[in-house]
Amino acid sequence: MNPTILAIESSCDETSASVIQNGQVLSNIVATQAIHEQYGGVVPELASRAHQQNIIPVVSQALQKANIAKTQLDAVAFTKGPGLLGALLVGSAFAKSFAMGLDLPLIEVNHMEAHILAHFIDEPKPNFPFLCLTASGGHTQIVLVRSHLEMEVLGQTTDDAVGEAFDKSAKLLGLPYPGGPLLDKMAQTGNPTKFQFPISDMPGYNYSFSGIKTSILNFVKKNTAAEPDFVKNNLPDICASIQHVLIQTLLKKLVLAAKELGVKDIAIAGGVSANSGLRAALQEGAKKYNWNVYIPAFEYCTDNAAMIAIAAHYKYLAGKFTDQYVSPDPRLRI
Ligand code: KG4
Ligand code: ZN
């Protein structure tokens, strides 16, 4: 089998389309929605409208860049969930209509599984079973990956996602949205042990990140009362210290799971895997615990359709198709 698949991603604020042929990504077009910046977060209604505007040009570009005609396609894939309902509706309705018009089979993809399967786009590819820490703006999970199609969530956040913790912390420090990448940038010249922030330890492999926001808020209030320019004067150190505590928290449970399950192949996925501190911490883990670590290329960390395409590739090979009655599921689980 040598399938050529068009894949659509529209779960949040990125409209993306990708063409994959026999497991090789031929194109991956991503339109980021700048409109949300002025609101300091993703506005669901505006995201849906922007997807509606972007979807046709993004799909046309993806086909053009791949040099693939619509008639050469074997299937159409889309993100079923999790994500924002209105955003998912645009991608799924488009994919269904496109597939119906061309009489092609449809493939539904779980966004979180796709983040993990992004590791199968390029070499080196992880060996099964492996552990994947998926850290994004909406999720924080430790997943045991047994095969391309069999995954089990071992632990997850009980409240905020770590990406949200990055973004909310950055917002408290006055950095513009999305703050995660900016906080990362500022942290690079700061001292990670200058300030201490407490973080709750949850049972098993679970996480909690909601308390960090309050502790940072109190920390900023207290120090600003004594020194009005405290944040401005200490920004790199504050950012480095916040990043440090978030990464240490992520790593602690990952190390525990790897040890208890005896797994040596360790991967990270999702938007937060673009974080330089997390990438460095994983490399250190490789040395310390004798892990084989897998870190995706930057372009495949944040939301993109190439990851939906590679997930669809494996589903196609396994004959896992869906029908025209499918609807998006904003709370879809692994
Ligand atoms: O996977 P993703 O693109 O979208 C979701 O499915 O959520 O993840 C976006 C999240 C945002 O919270 C963003 O701030 C965070 O990933 N992020 C980062 C970095 N790059 C993206 N967080 C920390 N450091 C980064 N370099
Ligand atoms: Zn994502």
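The end C-alpha atoms of residues 24-309 lie 9 Å apart, and the span is 48% helix and 16% strand. Helices (H or I, at least four residues) and strands (E, at least two) are DSSP runs, numbered from the N terminus. UniProt, in an unreviewed entry, places the feature "domain: Gcp-like" at residues 24-309. UniProt positions follow the numbering used here, feature names are shortened, and annotations may be inferred rather than shown by experiment.

This is a predicted model: local features need pLDDT of at least 70, side-chain atom pairs count only at pLDDT 80 or more, and totals for chains, interfaces and linings use all residues. Residues are numbered from 1 along each chain as its sequence is written, while chains are lettered from A and ligands numbered from 1 in the order in which they are written.

**Around the ligand.** There are 18 residues around ligand 1, and Ser136, Gly137, Gly163, Gly180 and Gly271 come nearest. A residue is near a molecule if its C-beta atom, placed from the backbone, lies within 6 Å of it. The shell divides into 6 nonpolar, 9 polar and 3 charged residues. Here Ala, Val, Leu, Ile, Met, Phe, Trp, Tyr, Cys and Pro count as nonpolar, Asp, Glu, Lys and Arg as charged, and the others, Gly among them, as polar. Helix 4 (162-172) and helix 5 (179-187) each supply at least two shell residues. Domain 1 (4-116 + 301-317) and domain 2 (125-296) each give at least three. The domain bounds come from an automatic or database domain assignment.

**An annotated site.** The unreviewed UniProt entry marks His111, His115 and Asp303 as "binding site". They are spread over 193 residues of sequence, yet they cluster in space: the largest C-alpha distance is 8.8 Å. His115 lies in helix 3.

**A helix pair.** The axes of helix 6 (residues 210-226) and helix 7 (residues 230-261) come within 12 Å and cross at roughly 150 degrees. Helix 6 is therefore roughly antiparallel to helix 7 (angles over 145 degrees count as such). Axes are lines fitted to C-alpha atoms, for helices over the stretch in contact, and angles run from 0 to 180 degrees between N-to-C directions.

| Cis peptide bond | Omega |
|---|---|
| Gly81 to Pro82 | about -5 degrees |
| Glu123 to Pro124 | near -5 degrees |

Pro82 sits in the loop between strand 4 (75-81) and helix 2 (85-102). Pro124 is in the loop between helix 3 (111-117) and strand 6 (130-135). Asn22 has a positive phi of about 50 degrees, although it is not a glycine. Asn22 belongs to the loop between strand 2 (14-21) and strand 3 (24-32).

Technical notes. Angles under 35 degrees count as roughly parallel, over 145 as roughly antiparallel, 65 to 115 as roughly perpendicular and the rest as oblique.
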